[in-house]
Amino acid sequence: MQQSETLAPSLKATNCAKSLTYGQRAQLATNPVAKRLFETMERKRTNLIVSADVTEKKALLELIDAVGPHVCAIKTHIDIVNDFDWDLIEQLQQLARIHDFIIFEDRKFADIGNTVQLQYQQGIYRIAEWADMVNAHSVPGPGIIEGLRAVGLTKNRALILLPQMSSKDNLATGDYTQKTVAWAQQYDDFVIGFIARQQLVEDQKFLHFTPGVQLALKGDALGQQYLTPQVAIRDGSDCIIVGRGIYHADNYVAAAQEYQVVGWESYLKRI
Ligand code: 5BU
């Protein structure tokens, strides 16, 4: 894998070493969202997260309602929705209850601690009120984690860091990757895992989330790079994140079902 060459030796996963089931790992989790996510994966037999990158409220809710039975979580980019209103959030929460999934807002916070606290709680989206998990870049240093954590822990929320990214020539490599992982370990009551292309830590309470997953490996014109679900999970991913591979399919329910089955079978091979 391209990025493994740039990882510090201590982070190179020679072989994926994950023997425990998601259910067993729920027992290791110290953060309530991580625990719920592991339990949901085990109960629903799915490690699929659908990236619902749809820009109209009605179509977005229809997609989420249709794929909901097949996912452990739905990932949103709430700021791409043209006709956003608070009713969208209420309907999203209702679908999360009906279909039993976690809500992950892919906000990728990237500012100083004080500013991200405002972005997390205030403005139109009030993300902390409804998103079980959010993610953040580590480029500002640990203050970004502390800022989000001070808000998130009081609401039983969780944070995912980005020691790696999927896009071509991204700068999340080497020392940056290593420091990001170390901060996750330092704040492990709130940071539950990583956006990663392969396993970065052995401690199985951490989750590895992999975007840039597609069965067809089509790529795009803007630097996205894809792994198949089989390769991602073989190399230590716990949750595959699929966007266009599902919502651009002719039948997105059938596509979600297919990714669910492939993802689950790949996981069963690993444990
Ligand atoms: P795709 O349509 O499956 O390529 O969508 C991938 C989604 O995952 C999209 O919402 C991205 O913003 C998101 N993503 C990513 O592709 N790569 C990354 O490293 C991170 C997020 Br972090």
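How far does a polar side-chain atom of Ser51 lie from an oxygen atom of the ligand? The distance is 3.0 Å. A polar contact here is a pair of N or O atoms within 3.5 Å; within protein, one must be able to donate a hydrogen and the other to accept it, and residues adjacent in sequence count only if both atoms are side-chain atoms.

This is a predicted model, where local features need pLDDT of at least 70, side-chain atom pairs count only at pLDDT 80 or more, and totals for chains, interfaces and linings use all residues. Residues are numbered from 1 along each chain as its sequence is written, and side-chain values use heavy atoms, with hydrogens and water left out.

**The ligand**

| Side chain | Distance to a ligand oxygen atom |
|---|---|
| Ser51 | 3.0 Å |
| Gln224 | 2.8 Å |
| Arg244 | 2.7 Å |

The protein covers 90% of the 500 Å² of accessible area that the ligand has on its own (Shrake-Rupley method, 1.4 Å probe). Around the ligand stand 16 residues (a heavy atom within 4 Å). Asp53, Ser166, Gln224, Tyr226 and Arg244 come nearest.

**The largest pocket**

On a 1 Å grid over the protein atoms alone, a pocket is an open set of points with protein on both sides within 12 Å along at least five of seven lines; a cavity is a set where a 1.4 Å probe fits but cannot get out. Lining residues have an atom within 4 Å of a point.

The pocket's volume is about 420 Å³. A volume is the space filled by probe spheres set on the points. The lining has 28 residues; Ser166, Pro211, Gly212, Gln224 and Arg244 lie nearest the centre. It divides into 11 nonpolar, 11 polar and 6 charged.

**The cavity**

There is 1 cavity of 30 Å³ or more. The largest cavity has a volume of about 40 Å³. Its lining includes Ala29, Asp188 and Phe206.

Terms used: Nonpolar A, V, L, I, M, F, W, Y, C, P; charged D, E, K, R; others polar.
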